[in-house]
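I opened the file to look up a few local features. My notes follow in the order in which I took them.

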Amino acid sequence: MNTAEFRLAFRTLPFLNAHADDEDGVLELAPGRLLVWNPGAIDEIFHADQRLGHPGSRTMRSVLGHKSLLWTEGARHLAYRRALGPALRGKRLAGYRELIAEIVQSSIGALTEGRVIALADWTRAVALRVMAGITVGRDGDAVLAPFTAWMDKALGSRGRTLAYRYLRGSLPSSGEDLDRLLVLSAKRSSGSLASLLTSDEPPLGRLGDDELRDQLVSLLFAGHETTASAIAWTLYWLDRNPRVRQDIVDELESTMEDGASAAAVPLLHAAVLEALRLTPPVPAAGNRVCTETGEVGGRAVRQGTVLTPSIYLAHHRRDRFPDPYRFEPGRFLDRRVAQEDFFPFGGGIRHCLGSELGLMEARMIVAAVLRCRELRCVNPAAGVPRLRGHAMAPSPKLRMKVVACHA
Ligand code: HEM
């Protein structure tokens, strides 16, 4: 590991911020390893995605499993996207509204006046309940405690995660008990994402228990850490920007909508997008590997070169987002931002399968919190990003106090 790779692994955000104004937007981390945020190069990578390799992260492989759809390639990858994709977008999303609303209401009910919460933990618990319900149905509640304990052990402390990764070679495994619980819940459930994996029907056919386990863990992980972080950041930035917060409260008062439809709450939707820009839950999309010698962004690349699209750096380009460290939802009101400038959900053939669900959930949860509670940040200085695995969440020290409850 050279100095640049070391700093990226151990001092990630200071390292990225130090390169935010590099005009080139391509940084050689090591021979054959490029960090990319140049808009033209990002566009090329996502358009060529079908011809690139997707090896995934070595660190997360031991957590999500070797058969995870996150690093499956070719026809099998396509089969997963065909099996799961339709249930995660468009009209099918309406089927999750009731579940989300129910979970949010019961979680908010526990936020009594005067209570102080660790924001990131609270949003993570809510988002995991939602994702478990969507993935394995009502049985999902049984997996919450063991899944959370395992995630906290593996990813709860950056130092510990890096120690597992570099000293022991892999992160702690989920263990047989949790794996068995997940597979059993999946086989018992109906009408859930899991039932699409256990149907034995094309395009996936029959999955062995180990392959099923890997997909369940992948969906739970990819679907809750990210969304929880998006919600926590949105609430944090609204606390720091009380005028925007009040405008959104006014927007919500003018409608009976629960936030499920972006069109009904345009300012809230723009605020969620701006939080995803400023503090992207996933600071880098998955690695891509060049399968042939060619060019990226006008730079010659050899076969085998690893390209890492930097979401964080692309979102902080001054030429695309003036005053990039300022929270300004207006950037997303009434205009479409180009995908090569703003890609919190990655792109190409690996574009996030749950992007529509994640956005809907974030809007619904933030809307419910703003309607029913007034939260105030107790220690705003703790609003600094911390990496959990590859996800970027507010520091676990960041606390919010419930200062008022509304019916
Ligand atoms: C705000 C919330 C979310 C964010 C910011 C986010 C972000 C991302 C990113 C950056 C990627 C990698 C894309 C690439 O490499 O180009 C990804 C992949 C993925 N996400 Fe999400 N995600 C979110 C919510 C969800 C949810 C709710 C689900 C639930 C199903 C989900 C499931 C997945 C899956 C399965 C993949 C792998 C896709 C593939 O490899 O084909 N994500 N997500």
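**The annotated cysteine**

I started with the contacts of Cys 352, which touches Phe 345 and Gly 346 once residues up to four places away in sequence are left out. I then looked up where Cys 352 sits: in the loop between helix 15 (311–314) and helix 16 (355–372). The cut-off for buried is 20 or more.

**Confidence**

I noted that this is a predicted model. The protein chain averages a pLDDT of 94, and 100% of the residues score at least 70. I also wrote down the model scores, ipTM 0.99 and pTM 0.97.

**Helix 12 against helix 16**

Next I turned to packing. Two packed helices are described by the angle between their axes and the distance between the axes. For helix 12 (residues 209–240) and helix 16, I read an angle of about 40° and axes 9 Å apart. That angle makes helix 12 oblique to helix 16. The crossing of helix 12 past helix 16 is right-handed. Which residues make the contact? From helix 12 I listed Thr 226, Thr 227, Ala 230, Ile 231, Thr 234 and Leu 235. From helix 16 I listed Gly 358, Glu 361, Ala 362, Ile 365, Val 366 and Val 369.

**Backbone checks**

I went through the backbone last. Most residues other than glycine have a negative phi, and most peptide bonds are trans.

- I found a cis peptide bond from Pro 202 to Pro 203, with omega near 5°. Pro 203 is in the loop between helix 11 (193–197) and helix 12.
- Asp 200 lies in the loop between helix 11 and helix 12. I read its phi as near 65°, a positive value in a residue other than glycine. Asp 200 has 9 C-beta neighbours inside 10 Å and therefore counts as exposed.
- Asp 323 has a positive phi, near 50°, and is not a glycine. I placed Asp 323 in the loop between helix 15 and helix 16, where Cys 352 also sits. Asp 323 counts as exposed because it has 9 C-beta neighbours inside 10 Å.

Technical notes
Residues numbered from 1 in each chain as written. Predicted model: local features only at pLDDT ≥ 70, side-chain atom pairs only at ≥ 80, totals over all residues. Helix = DSSP H or I, 4+ residues; strand = E, 2+ residues; numbered from the N terminus. Contact = placed C-beta atoms within 7 Å. pLDDT = per-residue confidence, 0-100. Axes fitted to C-alpha atoms, helices over the stretch in contact; angles between N-to-C directions. Parallel < 35°, antiparallel > 145°, perpendicular 65-115°, else oblique. Left-handed = near helix turned anticlockwise from the far one by under 90°. Buried ≥ 20, exposed ≤ 12 C-beta atoms within 10 Å, placed from the backbone.
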